[in-house]
Amino acid sequence: MMTMERTSRSELAQILAPLTILPGADRMTEPHWSAYHAVLKGYFPVELKAASKHLFTTSTFWPQPKAILGALHSQRRKLGHNWLDRVKALQLGGPDP
């Protein structure tokens, strides 16, 4: 797991905000948000937005970090061996190399 913070806690909250309509989101407390950030801060916002969008359309309950990580890992596998270059380009708003 990456330790570098690529997504701030406030960014993560904004990205996951649409998921708060799902049942179980009302149980999220400050320590929960801190734990989610600790697990997901090494991912780029563009990756987290794509995972959140996917989970919004497929989840019936508030996703655990494991479900979010599963979606993130699946996306990286789809990008191939040069996933880091591709994600960095997408994060900067450029075309997918």
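**Notes on the helix packing and the ring cluster**

Trp 33 is buried, and so is Trp 62; buried here means under 20% relative accessible area, exposed over 50% and partly exposed in between, with a 1.4 Å probe and protein chains only.

1. Ground rules. This is a predicted model, where local features need pLDDT of at least 70, side-chain atom pairs count only at pLDDT 80 or more, and totals for chains, interfaces and linings use all residues. Residues are numbered from 1 along each chain as its sequence is written, and side-chain values use heavy atoms, with hydrogens and water left out.

2. Confidence. The chain averages a pLDDT of 88, and 97% of the residues score at least 70 (pLDDT is the predictor's confidence in each residue, from 0 to 100). Among the elements of the chain, helix 1 has the highest mean pLDDT (94), while helix 5 (residues 83-91) has the lowest (84). Helices are DSSP runs of H or I with at least four residues, strands are E runs of at least two, and both are numbered from the N terminus.

3. Helix 1 against helix 2. Helix 1 (residues 9-16) packs on helix 2 (residues 30-40) at about 100°, and their axes are 10 Å apart. Axes are lines fitted to C-alpha atoms, for helices over the stretch in contact, and angles run from 0 to 180 degrees between N-to-C directions. The two helices, helix 1 and helix 2, are therefore roughly perpendicular (65 to 115 degrees; under 35 is roughly parallel, over 145 roughly antiparallel and the rest oblique).

4. Who meets whom. From helix 1 come Arg 9, Leu 12, Ala 13 and Leu 16, and they meet Glu 30, Trp 33, Ser 34, Tyr 36, His 37 and Leu 40 of helix 2; contact means heavy atoms within 4.5 Å. By class, the contact of helix 1 with helix 2 has 6 nonpolar, 2 polar and 2 charged residues. In this scheme Ala, Val, Leu, Ile, Met, Phe, Trp, Tyr, Cys and Pro are nonpolar, Asp, Glu, Lys and Arg charged, and the others, Gly among them, polar.

5. The rings. There are 3 aromatic pairs in the structure. The rings of Trp 33 and Tyr 36 have centres 6.4 Å apart and planes at 50°, so this pair is tilted. Rings of Phe, Tyr and Trp (its six-membered ring) pair if their centres lie within 6.5 Å, and planes under 30 degrees apart are stacked, over 60 edge-to-face and the rest tilted. Both Trp 33 and Tyr 36 sit in helix 2, 3 residues apart, about one turn of the helix. Tyr 36 counts as buried at 4% relative accessibility, and Trp 33 does at 19%.

6. Across to Trp 62. The ring centres of Trp 33 and Trp 62 are 5.8 Å apart with planes at 75°, so that pair is edge-to-face. Trp 33 is in helix 2 and Trp 62 in the loop between helix 3 (45-58) and helix 4 (65-79), so the pair ties together parts 29 residues apart in sequence. Ring pairs link Trp 33, Tyr 36 and Trp 62 into a cluster.

7. Where does Arg 86 lie? Its place is in helix 5, and at 17% relative accessibility Arg 86 counts as buried. Leaving aside neighbours within four places in sequence, Arg 86 is in contact with Lys 78, Leu 79, Gly 80, Asp 96 and Pro 97.

8. Arg 76, in helix 4, counts as buried at 12% relative accessibility. Lys 53, in helix 3, counts as exposed at 64%.
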